[in-house]
Amino acid sequence: MANCILLTSVTMLFAISLIIASLVRVGASVSRPPSIYIEPPFEIYYKVGESVELSCQADGEPKPTYDWSRNEIVFNPSANDDRIVQLSDAGTLVINRTEDKDEGIYQCFAKNDFGRSASKIVNLRQAKLASFAFARPTYHTPLLGRPYTLFCVPPESVPPATVFWITKTAQGGFNVVNYDSRVSVDREYRLRITNVKREDFNNGLPYACNAVNDVLRIGSEGPLHYLTPTGVTEDFMPVEYFWADQDDRFGLLGSNFSIKCIFSGNPTPDVHWERADNKTMSDRCDSLTNELKITNLQYEDAGIYECWATNYVSLTPKYRTFNLRVNAKPYFTKEPTDVELSEGETAEFTCLAGGVPEPNILWSINGIALNDVIDPRITGPRFKHPQENKILLENVELSDFMVIQCNASNIHGYVFADFYLKVSSKIR
């Protein structure tokens with residue numbers, strides 16, 4: 001009887017040990033380092049007094065907790081006044097009744113027992129729009145048929161303002177100047193009139209340069225310009241160079257790009273665009289009066305472009321030539337992904353990025369720059385960094401859970417990837 005009881009006890013202990021071992025294996029299999037899947041954009045602008053949200057949400061097992069840095073210093077929302085709150089079950093920050101002091105560089109981190117995930121860095125900036133410098137109204141008396149320029153010096157604006165010219169109305173309102181082949185603006189927002197017409201008098205009402213900040217939803221109006229054309233008849237003028245973009249220009253891959261080329265003359269010159277390198281103009285090119293627009297700029301758009309203009313007074317056309325180069329913000333050609341493997345194997349992470357200029361690759365472990373990491377797993381002999389875009393961890397162990405970050409940057413910006421290493425027991 002005693003032997004039977006002893007056997008039953010041993011059997012029960014063995015069964016309990018199997019259950020515990022099974023639970024451990026199940027726990028290990030569901031444990032997962034954190035991974036941020038909702039994060040803020042690179043830049044956020046805010047209007048003082050209004051609310052702004054910095055999104056941050058991650059998954060992982062156990063459920064991650066969150067912390068933030070501001071200007072590379074630990075930032076504790078609860079230590080501030082009640083304006084700043086962190087949403088429950090998320091890392092998202094909501095800043096109510098924003099103030100000047102809320103500007104800064106923010107970053108969100110999500111952590112659990114198996115690693116620390118990092119968001120991209122977000123630049124939170126206060127929107128601003130200064131006023132135009134004061135100046136008394138200016139009275140202009142250009143000759144009919146001749147070219148003329150009205151100057152504009154826009155005020156400081158964050159983000160950059162939308163700048164355009166208006167004509168005032170007798171009722172106190174305004175009309176936006178419609179740009180065409182005769183009246184256009186250059187890159188410095190100067191109003192360029194190819195040849196002055198009597199209609200430019202605008203019934204004696206003034207012109208003005210306007211700047212609008214879309215975040216603040218307000219505008220600023222510049223000094224007034226009164227235009228009174230003089231002369232009995234229009235002068236007929238041959239085509240002459242008036243203004244153009246620099247002859248060596250670059251655009252960013254995937255962006256919408258344009259080249260401007262303005263000629264004076266009366267009658268208004270006919271402006272034509274073509275490639276001067278024996279290549280075909282892309283069907284993404286659209287020549288609108290004095291401007292050539294290229295949508296979704298691609299590497300094959302690089303080359304030599306030419307604008308030329310003529311009118312019936314000119315004996316020969318006038319030419320301007322431009323060299324277009326295509327640069328690119330960094331982009332991943334092979335973005336690192338989460339790695340799950342068994343103990344004893346080698347974890348390999350590759351971060352391949354393109355861009356012009358060629359981007360630099362920087363690595364972080366659990367949100368800490370690789371050069372600053374003191375973790376013995378990384379400083380020890382198992383960790384290898386054979387190339388700028390590759391890292392290895394050999395003979396991984398169950399304790400090698402971690403989150404890794406890769407940043408590829410050049411002068412035009414950066415791309416950022418956040419991914420984890422998870423190690424499981426070998427199946428016996």
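**Disulfides and a core: worked exercises**

The torsion about the S-S bond of C351 and C406 is about -75°, so the disulfide is left-handed; a disulfide here is a pair of cysteine sulfur atoms within 2.5 Å. You're looking at a predicted model, where local features need pLDDT of at least 70, side-chain atom pairs count only at pLDDT 80 or more, and totals for chains, interfaces and linings use all residues. Residues are numbered from 1 along each chain as its sequence is written, and side-chain values use heavy atoms, leaving out hydrogens and water.

**Exercise 1.** Work out which parts of the chain C351 and C406 tie together.

*Step 1.* Check the bond: the sulfur atoms of C351 and C406 are 1.8 Å apart.

*Step 2.* Strands are DSSP runs of E, at least two residues, numbered from the N terminus.

*Step 3.* C406 is buried, at 0% relative accessible area; buried means under 20% (1.4 Å probe, protein chains only).

**Exercise 2.** Find the cysteine C285's place in the pairing.

*Step 1.* In sequence order, the bonded cysteines pair 1-2, 3-4, 5-6, 7-8.

*Step 2.* C285 is in no disulfide, and the nearest cysteine sulfur, from C307, is 14 Å away.

**Exercise 3.** Which residues touch the most other members of the largest nonpolar core?

*Step 1.* Such a core is a set of buried Ala, Val, Leu, Ile, Met, Phe, Trp, Tyr and Cys residues joined through side-chain atoms within 4.5 Å.

*Step 2.* Of its 25 residues, pick F349, W363, I404 and L421.

*Step 3.* β38 supplies the largest share, 5 residues.

How values were computed: Buried < 20%, exposed > 50% of the residue type's maximum accessible area, 1.4 Å probe, protein only. Helix = DSSP H or I, 4+ residues; strand = E, 2+ residues; numbered from the N terminus.
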